[in-house]
Amino acid sequence: GAPDSRLAPTGAACPRNYIWGQVLDANGRGITDARIRFKGPLGDLETVASKGPPDPPGIYNILAPPPGGIWIIWMIDATNNRLSPDITVNAPQGFAGGGSCPTRVDFVQRR
């Protein structure tokens, strides 16, 4: 996704030490309490939930500090069933100021 200082966890347009984004319904509205599962570079599995007010609904962030590496993220339901394919992110990664933010991943409901 695009850099966005209103949604990013640090107020930076594209913070390099986070994997972040939004979970949106088919109409583009943020989904609160959606579950994002991730596996970090050391193989640890964790889950975060998308936020709600006072934050913009649907945003989430995963701290991805140096030294970094490969992260795998995907959506799950309340019983831990997968709702999306795996997405691979190399983080942390700097942003050169053009195109998409390399550490932003948005999930959009398709049905």
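Which residues in the largest nonpolar core touch the most other members? Before answering, I note that this is a predicted model, in which local features need pLDDT of at least 70 and side-chain atom pairs count only at pLDDT 80 or more, while totals for chains, interfaces and linings use all residues. Residues are numbered from 1 along each chain as its sequence is written, and side-chain values use heavy atoms, leaving out hydrogens and water.

The core has 15 residues, and those touching the most other members are Ile19, Ile36, Tyr60, Ile62, Ile73 and Phe107. A nonpolar core here is a set of buried Ala, Val, Leu, Ile, Met, Phe, Trp, Tyr and Cys residues joined through side-chain atoms within 4.5 Å; buried means under 20% relative accessible area, with a 1.4 Å probe and protein chains only. Two or more residues come from each of strands E1 (18–24), E2, E4, E5 and E6 (87–91), strands being DSSP runs of at least two residues, numbered from the N terminus. E5 gives the most, with three residues.

I turn now to the aromatic rings. The structure holds two aromatic pairs, a pair being rings of Phe, Tyr or Trp (its six-membered ring) with centres within 6.5 Å; planes under 30 degrees apart count as stacked, over 60 as edge-to-face and the rest as tilted. The Phe38 and Trp71 rings lie 6.0 Å apart at 40 degrees, so this pair is tilted. Phe38 belongs to strand E2 (residues 35–39) and Trp71 to strand E5 (residues 69–76), 33 residues apart. Tyr60 and Phe107 form a tilted pair, at 6.3 Å and 45 degrees. Both Tyr60 and Phe107 are buried.

How values were computed
Helices (H or I, at least four residues) and strands (E, at least two) are DSSP runs, numbered from the N terminus. Buried means under 20% relative accessible area, exposed over 50%, partly exposed in between (1.4 Å probe, protein chains only).
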